[in-house]
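Dear colleague,

I am handing over a structure that is new to you, and I would be glad if you kept it open while reading the notes that follow.

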Amino acid sequence: ITDTVEVKNHPGNYPVPVIDFVSVNPGGHLIIEPGTALKSVGGYGIFVQGGRLSADDAVFTVAADDSIGGDNQNDGSDLTSLEDDRRAWNGMTLQSAADVTNCRFHYLRGPIDIYAQDVVLSGNDLRFESLGKATIPGQGTDSTSNTGILIEEAGLGSKVTGNRLFDAAIRVNSNPGFDVFKGPYGVVANNEILLSLTNVSGIYILNNSMTVTKNAISSYKKNS
């Protein structure tokens, strides 16, 4: 995408199928209208690489999820197919401006990676499914946590507030000498992390420059 593109449900409130990876490049602005449902049919993700993403009150889910927009594939509910990585959402990579608020993400298999200071991630409901271990640049694979929101050095000015994460951690990363951030620093606040897994910790802070405050971590029983 290199221009302004507005996305909304098809006539009849039919969800928008996502059939490839989406890249928002310089000059591009992807606007996802409130109430829009996007259904990934092949494990795709969104990459903001020089452009801008705006999403408010949208739903990101998978084609097999009949609870959103009905049975669009006419195959009955078949969420067992999500065991195949290619069927779940592959997360988001935010390397430039993004404002994602009040959205629902279902069946996320990859993290939301923040590499830009002008990112707002607020009020979202993020539900992860068999999330893989995060690969940290220069540090290899993180073997201790399943990272759902990864804030890199260049993203330390972002605002990550009021989100609910299920079975995933928030990680504030530190890569000395790599994409060194000059400030002003952002905030990680008022997020709620709910865990049903024993191998996931809530928040990892490897760089204490951001304000990290008033976040809550609790357990829950999955599918309850």
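**Salt bridges around Asp125**

Asp125 and Arg164 form a salt bridge in which the closest N and O atoms are 3.6 Å apart. This pair links distant parts of the chain, since Asp125 belongs to strand S14 and Arg164 to strand S19, 39 residues apart. Please bear in mind throughout that the model is a predicted one.

Asp125 also forms a salt bridge with Arg127, and here the closest N and O atoms are 2.7 Å apart. Arg164, for its part, meets the side chain of Glu192 in a salt bridge of 3.4 Å, N to O. Because Glu192 lies in strand S22 (residues 192-195) and Arg164 in strand S19, the pair ties together parts that are 28 residues apart in sequence. The structure holds three salt bridges, and Asp125, Arg127, Arg164 and Glu192 are linked in a network of them.

Which of these residues are buried, and which are partly exposed? Asp125 counts as buried, because its relative accessibility of 11% is under the 20% cut-off. Arg127 is partly exposed at 34%, as are Arg164 at 32% and Glu192 at 29%.

**The sheet that carries them**

Strands S14, S19 and S22 belong to an open sheet of eight strands, whose order is S2-S5-S8-S11-S14-S19-S22-S25 and whose pairing is parallel. At the edges are strand S2 (16-18) and strand S25 (216-219), each of which pairs on one side only. On average, and with direction ignored, neighbouring strands of this sheet are turned by 20 degrees against each other. Strand S14 (residues 125-128) and strand S19 (residues 164-166) run parallel and are joined by three bridges, and Leu126 stands opposite Leu165 in S19.

**A buried loop residue**

Asn207 lies in the loop between strand S23 (203-205) and strand S24 (211-213), and with a relative accessibility of 10% Asn207 counts as buried. The C-alpha atoms of Asn207 and Val172 are separated by 6.1 Å, although the two are 35 residues apart along the chain.

**Confidence in the model**

The chain has a mean pLDDT of 80, and 76% of its residues reach 70 or more.

Technical notes:
Residues are numbered from 1 along each chain as its sequence is written. Side-chain values use heavy atoms; hydrogens and water are left out. Helices (H or I, at least four residues) and strands (E, at least two) are DSSP runs, numbered from the N terminus. Buried means under 20% relative accessible area, exposed over 50%, partly exposed in between (1.4 Å probe, protein chains only). Two strands pair if DSSP finds at least two bridges between them. Axes are lines fitted to C-alpha atoms, for helices over the stretch in contact, and angles run from 0 to 180 degrees between N-to-C directions. pLDDT is the predictor's confidence in each residue, from 0 to 100. A salt bridge is a side-chain nitrogen of Lys or Arg within 4 Å of a carboxyl oxygen of Asp or Glu.
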